[in-house]
Amino acid sequence: MNVKTIYDDGELTALLFGEIDHHTARDIRLSVDSEIEKHHPTKLILDFRRVKFMDSSGIGLIMGRYRLMKLVGGEIVLCNVPPHLERIIALSGVRSITK
Amino acid sequence: MELMNEMNLTFSSKSMNENFARTAVSAFVLPLDPTITELADIKTAVSEAVTNSIIHGYEYGEGQIGINAKIYDNGRIVIKIKDKGKGIENIAQAMEPLFSTVGGERAGLGFAVMQSFMDKLKVTSKVNCGTSVTMEKYIIRRSKALNDDVNP
């Protein structure tokens, strides 16, 4: 599993780690979504500090969670994005929908 | 420009092989001494192409994906990724950023990433026969430049 989730006081933090691709994104998605549905958080924090690699499947993961958070009336925050992920994040334009 | 090395790889269209494919290609290009950024660019582009073959080419079904990679002494890398899947009807449309036939969790950025992370990208496809993606990147030969300076 490439994610650990922590829920506290309306905020859901997903600590992502390892390599995020189409293969690993599925389990991350299932795990984060079940926590969102359980708690209906006002904020989802995706923490990329320990992510070694990410392709556009990671962007799909961010976009999908953004849509889900919008449905439950919450927002999404990207934090600790390491320099090696900046390029794909900039290319995708997801910065405009996240905080 | 001389061919330094060549490799051929064939593997099943399983998502667990996305990691295997990008790791194998990144190990293969190491003799050119790429920077961490250059290596990350290559790994990402390979991951996108292989993922496309799995999701779109074979639509999660069984099939074989082939990779041919070549490195040249001037720092040129040529990577060809092939599948015998359903092919792409409209390549220009498939390459548009944010276009995705499957929607949902797919960002539709695969080709945009390949295009922007590599120096050259060529896609050929035939419906019901398969798709072939050829990507090129040039690595600046730092170690060679250094040697040439020392021993002109």
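**Helix pairs and a chain contact**

Me: How do the axes of α1(B) and α2(B) cross?
Reply: They cross at roughly 145 degrees and come within 9 Å. Here α2 of chain B covers residues 36–57. Axes are lines fitted to C-alpha atoms, for helices over the stretch in contact, and angles run from 0 to 180 degrees between N-to-C directions. Helices (H or I, at least four residues) and strands (E, at least two) are DSSP runs, numbered from the N terminus.

Me: What am I looking at, and how is it numbered?
Reply: This is a predicted model: local features need pLDDT of at least 70, side-chain atom pairs count only at pLDDT 80 or more, and totals for chains, interfaces and linings use all residues. Residues are numbered from 1 along each chain as its sequence is written, chains are lettered from A and ligands numbered from 1 in the order written, and side-chain values use heavy atoms, without hydrogens or water.

Me: Which residues make the contact?
Reply: From α1(B), they include B:A21, B:V25 and B:V29. From α2(B), they include B:L39, B:I42 and B:V46. Contact means heavy atoms within 4.5 Å.

Me: How do they divide into nonpolar, polar and charged?
Reply: Eight nonpolar, three polar and three charged. Ala, Val, Leu, Ile, Met, Phe, Trp, Tyr, Cys and Pro count as nonpolar, Asp, Glu, Lys and Arg as charged, and the others, Gly among them, as polar.

Me: And how do α2(B) and α4(B) pack?
Reply: At an angle of about 150 degrees, with axes 9 Å apart. Helix α4 of chain B is residues 110–117. The two are therefore roughly antiparallel. Angles over 145 degrees count as that, under 35 as roughly parallel, 65 to 115 as roughly perpendicular and the rest as oblique. The crossing is left-handed. Among the residues that meet are B:A45 and B:A49 in α2(B) and B:F111 and B:M114 in α4(B).

Me: Switch to chain A. What angle do α1(A) and α2(A) pack at?
Reply: About 15 degrees, with axes 10 Å apart. They are therefore roughly parallel. The crossing is right-handed. A:I28 and A:V32 of α1(A) are among the residues that meet A:L61, A:L68 and others in α2(A).

Me: How much do chain B and chain A bury between them?
Reply: About 1900 Å², 52% of it on carbon and sulfur atoms. Buried area is the accessible area (1.4 Å probe) that two parts lose on being put together, summed over both. In chain B, B:R22, B:E105 and B:L109 lose the most area to chain A, together 28% of what that side buries.

Me: How many salt bridges are there across the interface?
Reply: Four. A salt bridge is a side-chain nitrogen of Lys or Arg within 4 Å of a carboxyl oxygen of Asp or Glu. A:R87 forms one with B:D41, the closest N and O atoms being 2.6 Å apart. A:D21 forms one with B:R22, at 2.9 Å.

Conventions:
A crossing is left-handed if the near helix is turned anticlockwise from the far one by less than a right angle, and right-handed if clockwise.
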